[in-house]
Amino acid sequence: MKRVFALIALLGAVAFGAPAWADDKPAASPTAAPAATAPAAVSAAAPTAAPAAEAAAPAAAPAPVPNKGDNAWVLISAALVILMSIPGLALFYGGLVRSKNMLSVLMQVFVVFSLVTVLWVVYGYSLAFNEGNAIFGNLDKLFLKGVTVDSVAATFSKGVVISELAYVIFQGAFAAITCALIVGAFAERIKFSAVLLFTLIWFTLSYIPMAHMVWYWAGPDAYTGPDVFDKVQATGGFLFQKGAIDFAGGTVVHINAAVAGLVGAYMVGKRTGLGNVAMAPHSLTFTMVGASLLWFGWFGFNAGSALEATGGAALAMVNTWVATACAALSWMVAEWLLKGKPSMLGAASGAVAGLVAITPAAGFVGPIGGIVIGLLAGVFCLWGVNGLKRLLGADDSLDVFGVHGVGGILGAILTGVFVSPSLGGTGVYDYVANKVGDFDMSAQLISQLWGVGTVIVWSGVVSLIAYKLVDIIVGLRVPEDEEREGLDLTSHGESAYHH
């Protein structure tokens, strides 16, 4: 009888073949690449399985696993971005103020970095990089709930992921330096408590939504075909849906912080004695060291934004290298022609201007585009800290808007030009067709202008409200006698120097 049943089963298998559901594929995940896109992994999954068993129920392909090289690169890049803040930005800013305020600037950058780091882990990451609406994510990952050593985040390649914890710290380092950039605009006269309260409000209502609007999307593996394109696209951030591209933060970081700084310069008011008292930088040595650390750390900032250790990361690194050098030279030469002497401050400022301008373009443009952007950034930002600053009439102490605002706007717009494949750029990838899409420069420029305009208005309104609230609650400015004595002693009871 057993042989009869076996014979019947064998005939059924031959006559009817595998069950209908055997060809079903696993659903795509928005944060992890579907295994269906990695046939090599499928074929190697069960080399000893019997052919009959494969025909009856082929084993599901394993979930993608982070590559150790990609993980290592993102973790190192995160550390480099942290280096940009402490001590890079702190020394760059500290050298530019008077010696009696050196410690206060170091303190502001150091503590703002610490505050934002905590806020990022508590709720920032969840609101910025979770699906929600077009402006904010949700609070499902409050205190990094559910983010474990096994959870993964998408990259820009189908079937490729990195550890989500690596992505958390990388993006958190971006948030921290963005908030720290703002303090240069109102250095030497603001209350320390005002800096911290403003940072809390602005981080929550300006940085987080801008990061979500520009950088949140479902990931490449969600784009499984044209039939799901509109649905998947609608889950992205507002400016992502508009087609704006920002490789590493021209809008999210630089324009966002620069507008907040400019509004702060107006709201806090000018430094006491401006125009009548010498306010020259007290240590260009520290400023040069800080600028060099920024340049070094910026390789992680830009090349790390590729999220993979690939040729794309190498392209971003080359552009960060050459555009910065071009900007340092163009600022120095232009200043040399205008003032008769080249200055260390000009070369260092030019380097930072180049870093800012290439940030949104780093992984999208070819080296020629990087060179052009760098050369233009040096000249435009030199105008930004001189001619434009006089037109605006604000005491932006360390030229946050002149460098980060002007450079960020220039870079964001020129990204829309030099991303063109005809100009050596990478083009914009079509994840449905799985190839570089047809490029329309006019449409891309409109998308870039959407990005620039949105961040200017958004950050401007949020900043104005935030400064008003801070002024009501704790007050913005230290008393005049404390400002004259210096914030090192009056705000912190310490001195940077004893001589």
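Reader: First up, F143. Buried or exposed?

Author: F143 counts as exposed, because its relative accessibility is 58%. Exposed means over 50% relative accessible area, buried means under 20%, and partly exposed is in between (1.4 Å probe, protein chains only). Keep in mind that this is a predicted model: local features need pLDDT of at least 70, side-chain atom pairs count only at pLDDT 80 or more, and totals for chains, interfaces and linings use all residues. Residues are numbered from 1 along each chain as its sequence is written, and side-chain values use heavy atoms, with hydrogens and water left out.

Reader: Where does F143 lie?

Author: F143 is in the loop between helix 5 (102-128) and strand 1 (152-154). Helices (H or I, at least four residues) and strands (E, at least two) are DSSP runs, numbered from the N terminus.

Reader: What about phi of F143?

Author: Phi of F143 is positive, about 55°, although F143 is not a glycine. Most residues other than glycine have a negative phi.

Reader: New topic. Which peptide bond is cis?

Author: The one from I86 to P87, with omega near 15°. P87 is found in helix 4 (residues 68-96). Most peptide bonds are trans.

Reader: On to helix packing. At what angle do helix 13 and helix 15 pack?

Author: Helix 13 (residues 344-358) and helix 15 (residues 400-418) pack at about 40°, their axes 7 Å apart. Axes are lines fitted to C-alpha atoms, for helices over the stretch in contact, and angles run from 0 to 180 degrees between N-to-C directions.

Reader: Which residues meet there?

Author: V352, A353, V356 and A357 in helix 13 meet V403, H404, G407, G408 and G411 in helix 15. Contact means heavy atoms within 4.5 Å. The residues of this contact divide into 5 nonpolar, 4 polar and no charged. Here Ala, Val, Leu, Ile, Met, Phe, Trp, Tyr, Cys and Pro count as nonpolar, Asp, Glu, Lys and Arg as charged, and the others, Gly among them, as polar.

Reader: Last one, V232. Which residues is V232 in contact with, leaving aside neighbours within four places in sequence?

Author: A218, A222 and Y223. V232 and A222 are 10 residues apart in sequence and 6.7 Å apart in space, C-alpha to C-alpha. V232 lies in helix 8 (residues 229-233).
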